[in-house]
Amino acid sequence: MTAKEAYRIVTSRFSAVNVAKCYEYDSVFVFQMNPWMLQLSKRPMLDGLIGINKSTGEIRDFKPFHIPVAEYKRGKEISESIYKG
């Protein structure tokens, strides 16, 4: 799965929110949502981080402890032009 494909999945599922940033880890793409847009969403979210599993496409909230520390340290921010372009 690419960042662009993951972005399409998250925006189709959460159409009332705006993606602010994207991070890539070995097993997951993580999208940070704009908090002010979360107020308009009808979906309950405690925070604005959503993870998309690269292998399965599973969508879930993201917490850093969901992945190993070494994987978290290898993570990198993906440019908006790559995932939105």
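**Figure 1. Aromatic pairs in the predicted model.** A count of the ring pairs in this chain comes to 5 aromatic pairs; keep in mind as you look around that the model is predicted. One of these pairs is formed by Tyr25 and Tyr72: their ring centres are 5.6 Å apart and their planes meet at 15°, so the pair is stacked. Angles under 30 degrees count as stacked. Tyr25 belongs to the loop between β1 and β2, while Tyr72 belongs to helix α3, so this pair ties together parts that are 47 residues apart in sequence. Are the two partners buried or exposed, or something in between? Tyr25 counts as buried, at 8% relative accessibility, whereas Tyr72 has 38% and counts as partly exposed. Elsewhere in the chain, Tyr7, Phe31 and Tyr83 come together as one aromatic cluster.

**Figure 2. The whole chain, for orientation.** Before we zoom in again, here is the overall layout. The protein chain has 4 helices and 5 strands, and along the sequence they follow the pattern α-β-β-α-β-β-α-β-α. Of its 85 residues, 34% count as buried. If you consider contacts between residues at least 6 apart in sequence, 51% of them join residues at least 24 apart.

**Figure 3. Strand β2 and its two partners.** Which strands pair with β2? Strand β1 (residues 19-24) pairs with β2 in the antiparallel sense over 5 bridges, and strand β3 (residues 49-53) is also antiparallel to β2, joined by 5 bridges. For the β3 pairing, look for Phe29, whose bridge partner in β3 is Ile52. The link from β1 to β2 is a hairpin of 3 residues.

Figure 4. Asp26 sits in the loop between β1 and β2 and Arg74 in helix α3 (residues 69-74), so the pair ties together parts that are 48 residues apart in sequence. How accessible is Asp26, and what does Asp26 count as? Its relative accessibility is 44%, so Asp26 counts as partly exposed.

**Figure 5. Glu71, on helix α3.** Glu71 is another residue of helix α3. Its relative accessibility is 8%, which means that Glu71 counts as buried; the cut-off for buried is under 20%. Which residues does Glu71 touch beyond its neighbours within four places in sequence? They are Tyr25, Asp26, Ser27 and Val28. Glu71 and Val28 are 43 residues apart in sequence, and their C-alpha atoms are 9.9 Å apart in space.

**Figure 6. Lys54 over the ring of Phe29.** Lys54 is found in the loop between β3 and β4 (59-61). Where does Lys54 lie relative to Phe29? Lys54 lies over the face of the Phe29 ring, at 4.8 Å from the ring centre. With a relative accessible area of 19%, Lys54 is buried, because the cut-off is under 20%. The side chains of Lys54 and Glu24 are joined by a polar contact of 2.7 Å. Leaving aside neighbours within four places in sequence, the contacts of Lys54 are Met1, Glu24, Tyr25, Asp26, Ser27, Val28 and Phe29.

**Figure 7. Two further salt bridges.** Asp61 forms a salt bridge with Lys63, with the closest N and O atoms 3.4 Å apart. Asp61 counts as partly exposed at 37% relative accessibility, and Lys63 counts as partly exposed at 22%. Another salt bridge joins Lys84 to Glu80, where the closest N and O atoms are 4.0 Å apart. Lys84 has 31% relative accessibility and counts as partly exposed; Glu80 counts as partly exposed as well, at 44%.

Notes:
Residues are numbered from 1 along each chain as its sequence is written. This is a predicted model: local features need pLDDT of at least 70, side-chain atom pairs count only at pLDDT 80 or more; totals for chains, interfaces and linings use all residues. Side-chain values use heavy atoms; hydrogens and water are left out. Two strands pair if DSSP finds at least two bridges between them. Helices (H or I, at least four residues) and strands (E, at least two) are DSSP runs, numbered from the N terminus. Buried means under 20% relative accessible area, exposed over 50%, partly exposed in between (1.4 Å probe, protein chains only). A salt bridge is a side-chain nitrogen of Lys or Arg within 4 Å of a carboxyl oxygen of Asp or Glu. Contact means heavy atoms within 4.5 Å. Rings of Phe, Tyr and Trp (its six-membered ring) pair if their centres lie within 6.5 Å; planes under 30 degrees apart count as stacked, over 60 as edge-to-face and the rest as tilted. A charge sits over a ring if NZ of Lys or CZ of Arg is within 6 Å of the ring centre and within 35 degrees of the ring normal. A polar contact is a pair of N or O atoms within 3.5 Å; within protein, one must be able to donate a hydrogen and the other to accept it, and residues adjacent in sequence count only if both atoms are side-chain atoms.
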